[in-house]
Amino acid sequence: MIIAKKICKLPLMELPSIAREVRKEVIRMLAQAGSGHPGGSLSAAEIATCLFFQAMRHDPKNPQWEDRDRFVLSKGHGCPVVYAAMAIAGYFPKELLGTLRKLGSPLQGHPDTRFMPALEACTGSLGQGLSIAAGLALAMQMDKKDRRVYVLMSDGENEEGQTWEAAGFAGFHKLDRLIAILDYNGYQLDGAIKDILDLEPLRSKWESFRWNVQEVDGHSIPELLAALGKAKGAKGQPQMIIAHTVKGKGVSFMENNNTFHGVAPTQEEMQAAIKELDGDPSLSQALVAAGKIKKGGK
Amino acid sequence: MEKEKALEKKMGLATRDAYGQALAELGRSNPKIVVLDGDLSASTKTNLFAKEFPDRFYNVGIAEANLVGLAGGLAQAGKIPFISSFACFMVCRAYDQLRMAVAVPHQNVKVVTSHGGISVGEDGASQQSIEDVALMVSMPGFIVTVPSDEHCTRALVKQAAQIKGPVYIRTGRPKAPLIHEASTSFSFGKGILLRKGKDVTLVANGLMVFESLWAAEELEKSGISASVIDMHTVKPLDEDLVVSQAQATGAVVTAEEHQVWGGLGAAVASALGRKCPVPQELVGIQDTYAESGKPDELLEKYGLTGRRIAEAARKAVSRKR
């Protein structure tokens, strides 16, 4: 599906199927790449769908459109979900997704603007995207532009000091064009966040840095769209949407299974996952029953 | 005192003051320039810009990592950020941010630091940057400069605003002796041959340019004729000038207010090794941190004087075959 409209918006009823399509592309491209991070892409499928097909003002056929909203993926390892959304939106042909992580591909292992300028920022060293997004929002504020900067953050990034430097700056300077979505899936590479460096009380931390905070079910498209709508209209404060999500969402054997934080699915796992996303979990169940899938998780 | 006898030392502004003035001037002609500072604007001299253009100046507080990230975002939006702090805090503290938000995407960010070297003085090692040049030259795509005096600084700052891409300019705290004329023209990557000799070439930047000129006069007394180059740009290095002077004189001394690992001396050694191997001596800080003291006392203690440059020159000359 190629959508070449100036402002990329789809009817609401189509978004769930887009999110499913995004997940399938994520699974396929990671299996083909043989490496990468499935868990944090699957948790953000609805977020990416709502941004690229509803909330953001952008033109896939003219990525450098001067009057576009900006999108920064601060959780750089989640780039497959963004690549999938971009391909479906028409930024580039879907066939390119098969080149993820391969030599010469614009789809680098972590976002790299040298190869794909539309990504706006080079990320992958965690905790830096919010500062870059704040810089973009600051420029919009200086120029009094009625545009927004969306930044997708991970929960683990809240452990980085720079996140809070940026949070303080954005709050103090009232960067209300800055909208952060935090993919709160509860896991980082080595395990559960609550066991490594618990972030709670996360909401009040952001509020104390003068952000307006909303909390949503990050897999509920209506909740996400409502929150994004409010955030867009808000004045005087930067906007934080804490999206409560499930790592690996949509594929039963990946859900809350932190093995799939940074390990790509095998061919067998890919087939099972795609089938499950198409509504038939039998292959997934068979794999689990046969003890073929390493089960980490809670 | 001996110095003044040998070579007239006319003091000019500190290079940081020249930066502050040039930046304010640039602000008048280029509305895209935005300045960020990390609570050191009175020291880096971005306060001159801040006073004139409060709407385009942000003191981001003591938060260098965020400062650099903001600059990356501003540049991505088409602004021309000039960002300043002490060399230590900008480069050492925010190195990964300079890498990810500026160097990798090759953003149009100008990083101008003050308090380079040990002539910072009394504040001691935490404020004395002796690694910044080595760190910045290792970052792909950055132009890396250490201007010697106010004229050189003004010219490089203005040029930085004209070219697209990341530039690093290191300025210093104390007043710097005048080396150049206001009319001298400067270009990134082009060294300036201040003096032409036959026996040895002294390649220096920053405060060490004056010391090298002093050393050249001193050497003249004992019959050694020295070329002196102000190599304000460490990267890209003016290898043609280094090689042509090395060929003409057969020996080289480098002098920098930086430690010898990874700075100007190393860059020159790399060029000579590949293109024109001749004896080279490196004057710089020898793999150590310095301490509190008066700038002149520190320069003396850590071997950054004209006398030491002259000694190194004699040694280099004696090593010729």
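Modeller: Start with burial: a residue is buried if 20 or more other C-beta atoms lie within 10 Å of its own, exposed if 12 or fewer, and partly exposed in between, with C-beta atoms placed from the backbone. Helices (H or I, at least four residues) and strands (E, at least two) are DSSP runs, numbered from the N terminus. This is a predicted model, where local features need pLDDT of at least 70 and side-chain atom pairs pLDDT 80 or more, while totals for chains, interfaces and linings use all residues. Residues are numbered from 1 along each chain as its sequence is written, and chains are lettered from A, ligands numbered from 1, in the order in which they are written.

Colleague: What makes α10(B) mostly covered?

Modeller: Eleven of its 14 residues are buried. Among them are M208(B), F210(B), W214(B) and L219(B).

Colleague: How do you know what span to expect for α10(B)?

Modeller: The expected span is 1.5 Å times one less than the number of residues. Helix α10 of chain B covers residues 208-221 and reaches 20 Å from first C-alpha to last, close to the expected 20 Å. After the helix comes G223(B), with a positive phi near 80 degrees.

Colleague: Why does K45(B) count as buried?

Modeller: K45(B) has 27 C-beta neighbours inside 10 Å. The cut-off is 20 or more, so K45(B) is buried. K45(B) sits in the loop between α3 (41-44) and α4 (47-52) of chain B. Its phi is positive, about 75 degrees, although K45(B) is not a glycine.

Colleague: And why is H106(B) called partly exposed?

Modeller: H106(B) has 17 C-beta neighbours inside 10 Å.

Colleague: How is K230(A) classed, and why?

Modeller: K230(A) has 14 other C-beta atoms within 10 Å, so K230(A) is partly exposed. K230(A) lies in helix α9 (residues 221-233) of chain A. Its C-alpha is 9.2 Å from that of Q214(A), 16 residues apart along the chain.

Colleague: What makes β3 and β12 of chain B edge strands?

Modeller: The open sheet has seven strands in the order β3-β2-β4-β5-β7-β6-β12 (chain B), with mixed pairing. Strands β3 (57-59) and β12 (233-235) each pair on one side only.

Colleague: How do you know that β6(B) and β12(B) pair?

Modeller: Two strands pair if DSSP finds at least two bridges between them. Strand β6 (residues 143-145) of chain B and β12(B) have two bridges, in the antiparallel sense. They therefore meet the cut-off. T145(B) stands opposite T233(B) in β12(B).

Colleague: What marks the peptide bond from K235(B) to P236(B) as cis?

Modeller: Its omega is about 0 degrees. P236(B) is in the loop between β12 and α11 (239-249) of chain B. Chain A has a cis bond from E200(A) to P201(A), with omega near 0 degrees. P201(A) is in the loop between α7 (193-196) and α8 (202-208) of chain A.

Colleague: How many residues of chain A are in contact with chain B?

Modeller: Contact is defined by C-beta atoms, placed from the backbone, lying within 7 Å. By that test, 20 residues of chain A are in contact with 19 residues of chain B. The largest share of chain A's side, eight residues, comes from α5(A).

Definitions and conventions. Contact = placed C-beta atoms within 7 Å.
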